[in-house]
Amino acid sequence: MDAPQTGPVADSLDRRIISALQIDGRASWHRIATALGEPERTVVRRGTRLLESGLVRIGAMAVRGRSTVVAVRCTPGQARVAATALARRPDCVFAHVLTGDWDCVAEIQCPRDRLPGLVMDELPGLPGVVRTSTLPVLRHVRTIREWHAGLLTEEEISALTDGGSVPASADVMPPPEGPRELTRADRLLLHALAEDGRCTYDELARVCGVSEATARRRLGTLRRQGRVRVRAVIEPALLALPVEAVLWVRPAPAAVASVTTALARSAHVRYVSFVTGERHLLALTAFPDEGALHDFVTGSDWLRDVVSVDVSMVLGTLKRGGMPSG
């Protein structure tokens, strides 16, 4: 029997269902229930409630190019304006307003041949911009899809990925020249998924004018190729992790691999990428309180191999997982 519910997210089972949807936003309720070892009727009821309430949103975005992290310093009072301008770009994955040296940070998907235009023309045109730093991502170490806040076991994660349409490895990086143009049917499929990432294959087939089998095959291919990414978008506060921070980590040159591995293993690290620049690692993190953040950046074992760590608190979020924040 379900535990008494005291709010939209009632207990650990709700949070585990959310974590399962983060791993595969299109996983069937049956597969989620089987992976979690819970009654399917309970998972259907709770999962449907989470989606209908808008606390969890499932959407999709096309991969438009290689990822580039952009940090912006603004004139006083312009940080939200600049972050909003970044978030409105269709190639923006996330955009946060920060404390510290940089007023906002965003990830932009930009083919490498368009990077000069982004750096020299588009970013300087942001409202109130004083300075920008452009950091191409060389490798995604952990993406939001792989983060489950330590709420799932390795066996449960395996059950959600094995046999599904989502590769168990990290998100595939597109080639440097950018992904090939999508067909008209693929664009229609993507548009439908952007509105509802869990719409059925029958609905996708009707929208795209193809058979259900073709819709299923095309979406599976696009996801395996890394050309389309389906995301479950949530606020970390739903998982009792309301304090978010961006870490700019500079490891010792000989310790890059060990520091990267340690960050990727932490349940508090939602995203970590190896970027260009003097600070090689960018991490998005979430904690239950500021004390836990303090302990993480002062007492973790991986700090022995780090030259410096800059911490920026997240003041506001304009976009997550390619979807505007509510």
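No disulfides are present in the structure, a disulfide being a pair of cysteine sulfur atoms within 2.5 Å. Cysteine 92 is in no such bond, and the nearest cysteine sulfur, that of cysteine 104, lies 9.8 Å away. Cysteine 92 is buried, with a relative accessible area of 0%; buried denotes under 20% relative accessible area, exposed over 50%, and partly exposed in between, for a 1.4 Å probe and protein chains only. For cysteine 110, the closest cysteine sulfur is that of cysteine 92, at 12 Å, which is too far for a bond. Cysteine 110 also counts as buried, at 3% relative accessibility.

The model is predicted: local features need pLDDT of at least 70, side-chain atom pairs count only at pLDDT 80 or more, and totals for chains, interfaces and linings use all residues. Residues are numbered from 1 along each chain as its sequence is written, and side-chain values use heavy atoms, with hydrogens and water left out.

Salt bridges were assigned where a side-chain nitrogen of Lys or Arg is within 4 Å of a carboxyl oxygen of Asp or Glu. The count comes to 17. One of them joins the side chains of aspartate 14 and arginine 46, at 3.1 Å from N to O. Aspartate 14 is in helix H1 (residues 12-23) and arginine 46 in helix H3 (residues 40-52), so this pair ties together parts 32 residues apart in sequence. Helices (H or I, at least four residues) and strands (E, at least two) are DSSP runs numbered from the N terminus. Both aspartate 14 and arginine 46 are buried. Arginine 223 forms a salt bridge with aspartate 24, with the closest N and O atoms 3.2 Å apart. Because arginine 223 lies in helix H9 (residues 212-224) and aspartate 24 in the loop between H1 and helix H2 (29-36), the pair ties together parts 199 residues apart in sequence. Arginine 223 and aspartate 24 are buried. A further salt bridge, at 2.9 Å from N to O, links the side chains of arginine 89 and aspartate 91. Salt bridges with shared partners join Asp11, Asp14, Arg46 and Arg49 into one network.

Valine 69 is located in strand S2 (residues 66-74) and is buried, with a relative accessible area of 1%. Contacts of valine 69 (heavy atoms within 4.5 Å), not counting residues up to four places away in sequence, include Val105, Leu135, Tyr271 and Leu282. Valine 69 and phenylalanine 94 are 25 residues apart in sequence and 9.5 Å apart in space, C-alpha to C-alpha.

Two cavities of 30 Å³ or more were found. The largest cavity has a volume of about 270 Å³. It is lined by 22 residues, of which Val93, Phe94, Ile144, Arg231 and Gly321 are the closest to its centre. Strand S6 (228-233) is among the strands supplying at least two lining residues, and S6 provides the largest share, four residues.

The largest pocket holds about 370 Å³ of space. Among its 16 lining residues, Arg142, Glu146, His148, Glu154 and Ala264 lie nearest its centre. H10 gives the most to this lining, with five residues.

Technical notes:
On a 1 Å grid over the protein atoms alone, a cavity is a set of points where a 1.4 Å probe fits but cannot get out, and a pocket is an open set with protein on both sides within 12 Å along at least five of seven lines; lining residues have an atom within 4 Å of a point. Grid points are joined across faces, edges and corners, and a volume is the space filled by probe spheres set on the points.
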